[in-house]
Number of protein chains: 2
Amino acid sequence: MTVIFSKKCEYGLQAVLYMAAKEPGCVCPSEEIAKKLKIPKEFVSKILQNLTESGIVDSKKGKSGGFMLAKHPSQIRLIDIVAAIDGLDIFNSCVLGFPSCSPDKPCPVHHKWGELRSKAYEMLAAETMDKFKEKTINKIGKI
Amino acid sequence: MTVIFSKKCEYGLQAVLYMAAKEPGCVCPSEEIAKKLKIPKEFVSKILQNLTESGIVDSKKGKSGGFMLAKHPSQIRLIDIVAAIDGLDIFNSCVLGFPSCSPDKPCPVHHKWGELRSKAYEMLAAETMDKFKEKTINKIGKI
DNA sequence: CTTTAATCAGACAATTTAATCTGTTTTTGA
DNA sequence: TCAAAAACAGATTAAATTGTCTGATTAAAG
């Protein structure tokens, strides 16, 4: 099997995209998010608690509580979620699994892979949540 | 955590690169490969058995036996190893984990990510083992 | 004030992946 | 022929990831 992001990270990205697609400041209980995205409720709840610690999400306890974005969607980048959940190791470690792969000890694909990786990073760092509102609504309607 | 290839696949790529860097037709016992690459012997042995079934590697049992490449290094692409071990799902499934992501049901990053993914595929499909001989020798000397 | 619905905290279970172990078969070479 | 060294097969263990459960705490609303 091959993975880019962990399930945690995938769900985290989905959940934040979901919240960003709703009215700003809107409070979403984890159950709503879980149902709409068809993912486990307790799991998404845990993940959003993590993102709360990272300052990306805010939470409100008690009845009519739930989660909401802590910042305007235009201030949240895809890479912020990835960094908070999976970390940024993938953008530094060797794709072939060689130890201490670096410019002076490069693995055979160091340069070529590095280019792709940089492009991926740049993409994730350039795109903010506000750009995806319409696309997210569209996709979630079709799950 | 984030992963591109599984450990199996990483070790498989390393082992094939190692064999491709040696004299053509050279027989390598798994112990030698494991020691040089500093990876578990039994594990690499298992992986090379898999690659034998896929026709990328050949094996010779008994004393002075071991593994060797089944084809000339110029006929083995990086993507062949990936396909044999991890499969090519990563190049088809949604990076955000959305179900049935496709051109008519695209996820928010479908297009942008698709471009990067295609570039990665093309790279892995273009590069053959013979291109890496020198770089591999260099890297393994520094592990 | 009590019920209800939510986060939160932490333990637990299940699954997958990674790694190890044990033993068998095969082949070479002394 | 026999011992050594290898692949091969399959079971087992270990670790990480994913998912579930239980209960505590908090806050709103009747």
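The legends below describe close-up views of a predicted model, in which local features need pLDDT of at least 70, side-chain atom pairs count only at pLDDT 80 or more, and totals for chains, interfaces and linings use all residues. Residues are numbered from 1 along each chain as its sequence is written, while chains are lettered from A and ligands numbered from 1 in the order in which they are written.

**View 1. Chain A and its order of helices and strands.** Chain A has six helices and two strands, where helices (H or I, at least four residues) and strands (E, at least two) are DSSP runs numbered from the N terminus. Along the sequence these elements follow the pattern α-α-α-β-β-α-α-α, and the C-alpha atoms of the chain fill a box of roughly 55 × 30 × 25 Å, taken along the principal axes. Of the 143 residues of chain A, 34% count as buried; a residue is buried if 20 or more other C-beta atoms lie within 10 Å of its own, exposed if 12 or fewer, and partly exposed in between, with C-beta atoms placed from the backbone. Among the contacts in chain A with a separation of 6 or more, 66% join residues 24 or more positions apart, two residues being in contact if their C-beta atoms, placed from the backbone, lie within 7 Å.

**View 2. The contact between chain A and chain B.** The contact takes 35 residues from chain A and 36 residues from chain B. On the side of chain A that touches chain B, H1, helix H5 (110-126) and helix H6 (133-141) of chain A each supply at least two residues, and H1(A) gives the most, with six residues. By class, this side of chain A has 20 nonpolar, five polar and 10 charged residues; Ala, Val, Leu, Ile, Met, Phe, Trp, Tyr, Cys and Pro count as nonpolar, Asp, Glu, Lys and Arg as charged, and the others, Gly among them, as polar.

**View 3. The relation between the two copies.** A rotation of 180° with 0.0 Å of shift along its axis superposes chain A on chain B, with an RMSD of 0.0 Å, and the two copies are thus related as by a two-fold rotation axis. The same surface serves both copies, as 100% of the contact residues of chain A recur in chain B. The superposition is by least squares on the C-alpha atoms of residues with pLDDT of at least 70 in both copies.

**View 4. The largest nonpolar core and A:Val16.** The largest nonpolar core has 76 residues, and those with the most contacts inside it are A:Val16 and B:Val16; such a core is a set of buried Ala, Val, Leu, Ile, Met, Phe, Trp, Tyr and Cys residues joined through C-beta atoms within 7 Å. Helix H1 (residues 7-21) of chain B gives the most to this core, with nine residues. When its neighbours within four places in sequence are left aside, A:Val16 is in contact with A:Ile56, A:Ile76, A:Ile81 and A:Met129. In soluble globular proteins, nonpolar side chains tend to be buried together.

**View 5. The surroundings of A:Lys133.** A:Lys133 is found in helix H6 of chain A and is partly exposed, because 15 other C-beta atoms lie within 10 Å. Apart from its neighbours within four places in sequence, A:Lys133 is in contact with A:Ala20 and A:Ala21. The C-alpha atoms of A:Lys133 and A:Met19 are separated by 9.2 Å, although these residues are 114 residues apart along the chain.

View 6. B:Lys60 has B:Gly66 of E2(B) as its bridge partner. The two strands form a hairpin with five residues between them, and B:Gly62 in the turn has a positive phi of about 75°. B:Ser64, in the loop between E1 and E2 of chain B, has a positive phi of about 55° although it is not a glycine, and B:Ser64 counts as exposed, with 7 C-beta neighbours inside 10 Å. In chain A, A:Ser64 is placed in the loop between strand E1 (57-60) and strand E2 (66-69), and its phi, near 60°, is a positive value in a residue other than glycine.

**View 7. The surface near DNA strand D.** DNA strand D is surrounded by 24 residues, of which the closest are A:Ser6, A:Pro40, A:Gly62, B:Met1 and B:Pro29; a residue is near a molecule or strand if its C-beta atom, placed from the backbone, lies within 6 Å of it. Two or more residues of this surface come from each of helix H1 (7-20) and helix H3 (41-53) of chain A, and from each of helix H2 (30-37), helix H3 (41-53) and strand E2 (66-69) of chain B. The largest share, three residues, comes from H3(B). By class, the surface near DNA strand D has five nonpolar, 11 polar and eight charged residues.

Notes. Two strands pair if DSSP finds at least two bridges between them.
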